[in-house]
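Keep the structure in view while reading.

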Amino acid sequence: MQTITTPTPEEVRDDQPTETVEDALVSLHRRSVDNVAGFAAMVSRAEPGFLVVAQRFQDLHQRHADSVAQMLQVRGLQPDADGSFMATVNRVVVSLRSLFDDINADVMHQIRRGEEWTLDAFDSAIAALRDAPEVASLHEMRAELTELLAKSPAPD
């Protein structure tokens, strides 16, 4: 099983933010919405033995998207419910793959690679928000994703 470490708050706070708070939250929200779309397509085509794993990722990303959307609304921003162009790409890739291959634990390598981008988006948001009250929630969400990845089947 691959181990993905979660940086401590001190490690993240030492980073220099590369985005504004709003940009970092918008990026994280879009990434979460894109992930929900990709996993929704995966859930609809998953083999029975992998369905639970795909559903857990979809549910987690939906909760995270909802939480980050609230953070954006508190800051007076309107979250984009459609995500980015990547949401469409995610759906198409999963659909095409299901035509030629099973959607099962063999896709975990691609999932892990994609989730690295999500973890990076969490790190950017955490660095940008630094001491804001939302940082604790972002750390919790990042840890939830890290834990789900650790509990998921290891790629072959």
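## Salt bridges

The structure holds three salt bridges. A salt bridge here is a side-chain nitrogen of Lys or Arg within 4 Å of a carboxyl oxygen of Asp or Glu. Side chains of opposite charge can pair when their charged atoms come close.

This is a predicted model: local features need pLDDT of at least 70, side-chain atom pairs count only at pLDDT 80 or more, and totals for chains, interfaces and linings use all residues. Residues are numbered from 1 along each chain as its sequence is written, and side-chain values use heavy atoms, leaving out hydrogens and water.

## Glu-134 with Arg-75

Glu-134 lies in helix H6 (residues 134–151), while Arg-75 sits in the loop between helix H3 (48–74) and helix H4 (85–100), so the pair ties together parts 59 residues apart in sequence. Helices (H or I, at least four residues) are DSSP runs, numbered from the N terminus.

Glu-134 is buried, at 14% relative accessibility. Arg-75 is partly exposed, at 29%. Buried means under 20% relative accessible area, exposed over 50%, and partly exposed in between (1.4 Å probe, protein chains only).

## Asp-123 with Arg-142

Asp-123 and Arg-142 meet in a salt bridge at 2.6 Å, N to O. Asp-123 is in helix H5 (residues 108–129) and Arg-142 in helix H6, so the pair links distant parts of the chain, 19 residues apart. Asp-123 is buried, at 18% relative accessibility. Arg-142 is buried too, at 4%.

## Glu-147 with Lys-151

In this salt bridge, the closest N and O atoms of Glu-147 and Lys-151 are 2.8 Å apart. Both residues lie in helix H6, four residues apart, about one turn of the helix. Glu-147 is partly exposed, at 44% relative accessible area. Lys-151 is exposed, at 62%.

## Packing of H5 and H6

H5 and H6 pack at an angle of about 165 degrees, with axes 9 Å apart. Axes are lines fitted to C-alpha atoms over the stretch in contact, and angles run from 0 to 180 degrees between N-to-C directions. That makes H5 roughly antiparallel to H6 (angles over 145 degrees).

The contact (heavy atoms within 4.5 Å) includes Phe-122 and Asp-123 of H5, and Glu-134 and Arg-142 of H6. By class, the contact has ten nonpolar, three polar and five charged residues. Ala, Val, Leu, Ile, Met, Phe, Trp, Tyr, Cys and Pro count as nonpolar, Asp, Glu, Lys and Arg as charged, and the others, Gly among them, as polar.

Note on methods
Helix = DSSP H or I, 4+ residues; strand = E, 2+ residues; numbered from the N terminus. Parallel < 35°, antiparallel > 145°, perpendicular 65-115°, else oblique.
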